[in-house]
Amino acid sequence: MGDVAARFAKIVGDANLLSGEAIPEDYAHDEALTTSAQRPAYLAKPGSTEEVAELLKAAGEHGVPVTARGSGTGLSGAARPREDGLVISFERMNAVLEIDTENHVAVVQPGVTLSDLDEKTTEAGLGYTVYPGELSASVGGNVGTNAGGMRAVKYGVTRHNVVGLQAVLPTGEIIRTGGKTSKVSTGYDLTQLIIGSEGTLAIATEVIVKLYPRLPHGATVFAPFETFDEVMTVVPKIISSGLAPHILEYIDNLTLAAISYNEKLSLGVPDSIRDTAQAYLVVALENRDSDRLHSDIEELGGLLGDLGAMDVYVLEGPSARKLIEAREKAFWTAKAAGADDVIDVVVPRSAMPEFLRKAREMALSREAGALGCGHAGDGNVHLAIFCKDADKRKQLLTDIFALGMELGGAISGEHGLGRAKAGYFLDLEDPAKIALMRRIKESFDPAGILNPGVLFAERA
């Protein structure tokens, strides 16, 4: 064992340090479709914040690049390590440390999965509302990418639901940011700076998240429309109605057909509607009172009918859950269908019709496909891109990302840039902003050991 490996092993113990070919293939990648797997030189599994700090000190002294890893469910390549690098896996740091029912927060380690957290908070009648569609995802990974998901229309994304962190700087220094308070106006907000930084500034080792009371009654309304424009016209009307949906999604007809087939989903839609509907709206409502919920459903149904829905279907219980679960698996459906990439451009809600129309036209002009679904309530569009020619695909994505930015949006709404989209970011974003971000990166990480190549693509 070399000197570097021996030092890492001394920190975490021989059983928790692997190197070279002994590292399982799963640690070589995340779920991004366009980044190749790369086995790291070292894999460490620390059991404490202090061990993480010692690992970073040692890595800095030896110039070893470091990639933090949660569950590896990311879609941007941010968890794909360097060949000469160290992966710090948080699978041993997976405890829910506290459920604080007075302050309505939970204190968790970064390796806690959303499934584990959901189980623990359910016992207290509370819930963590960020749910990006994969229950095996870790809280630490969600912090890294500022994960969102379907519930963001009501509850926001990760940065709206994390109030404090314990984090280790690349120098090995341990800091705490924020806390159990709901607001702070004391200096720079380091919590928010670290969230979404994709492991390039600091590594979170403890996370304080907001919890909300669980509402006992819910239902999902499902409505087909003849055109995309009609669906997108309806969305702001629902938002302004005061009905406060916690899920507001659109699904195009081809995507619905695919997920229905894969998940054996039967929604009772007649052939006459299924053959002509171009898009569907999925609206989930919740309430603490069943009578109020049913009143809201009636109001929503009337609103959808007035605004052009071909029909309105109300799903409750297992049927509603099955539809939402099928929607959450849209990425896997696209992957199984041979998608060459999956993107998550975000634009203002009002710009969604124009973005979708032009993005599809761009794809068709290159004999490619761009289909999918998205978070209609917050303008986050998920498109599966079918384009085998790498050069054509790169130009198509450049044009689609540029379109989103021209309409007031951004390249990624929740997946992050990672390695997969970093090049597009550098080509399209304001150089002054990129220069500022580089200075922030250098301030946190002067040795450049944290996730090099993520956000700021490595150039040949």
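The structure holds seven aromatic pairs. Keep in mind that this is a predicted model.

- Phenylalanine 8 and tyrosine 42 make an edge-to-face pair, because their planes sit at 80°, and over 60 degrees counts as edge-to-face.
- The ring centres of phenylalanine 8 and tyrosine 42 are 5.3 Å apart.
- Phenylalanine 8 belongs to helix α1 (residues 3-12) and tyrosine 42 to strand β2 (residues 42-44), so this pair ties together parts that are 34 residues apart in sequence.

**How the chain is divided**

**Where domain 1 meets domain 2**
- On the domain 1 side, 13 residues are in contact with 15 residues of domain 2.
- Domain 1 and domain 2 bury about 1,100 Å² between them, and carbon and sulfur atoms give 65% of that area.
- As for salt bridges between domain 1 and domain 2, the count is zero.
- Polar contacts do turn up: four residue pairs across the interface of domain 1 and domain 2, with both residues at pLDDT 80 or more.

- Two or more residues each come from α2 (49-62) and β3 (66-69).
- Helix α2 gives the largest share, five residues.
- Sorted by class, the side of domain 1 that touches domain 2 has seven nonpolar, five polar and one charged residues.

Key: Residues numbered from 1 in each chain as written. Predicted model: local features only at pLDDT ≥ 70, side-chain atom pairs only at ≥ 80, totals over all residues. Heavy atoms only, no water. Contact = heavy atoms within 4.5 Å. Buried area = accessible area lost by both parts, 1.4 Å probe. Salt bridge = Lys/Arg side-chain N within 4 Å of Asp/Glu carboxyl O. Polar contact = N/O pair within 3.5 Å; in protein donor to acceptor, adjacent residues only side chain to side chain. Helix = DSSP H or I, 4+ residues; strand = E, 2+ residues; numbered from the N terminus. Nonpolar A, V, L, I, M, F, W, Y, C, P; charged D, E, K, R; others polar. Phe/Tyr/Trp six-rings, centres within 6.5 Å; stacked < 30°, edge-to-face > 60°.
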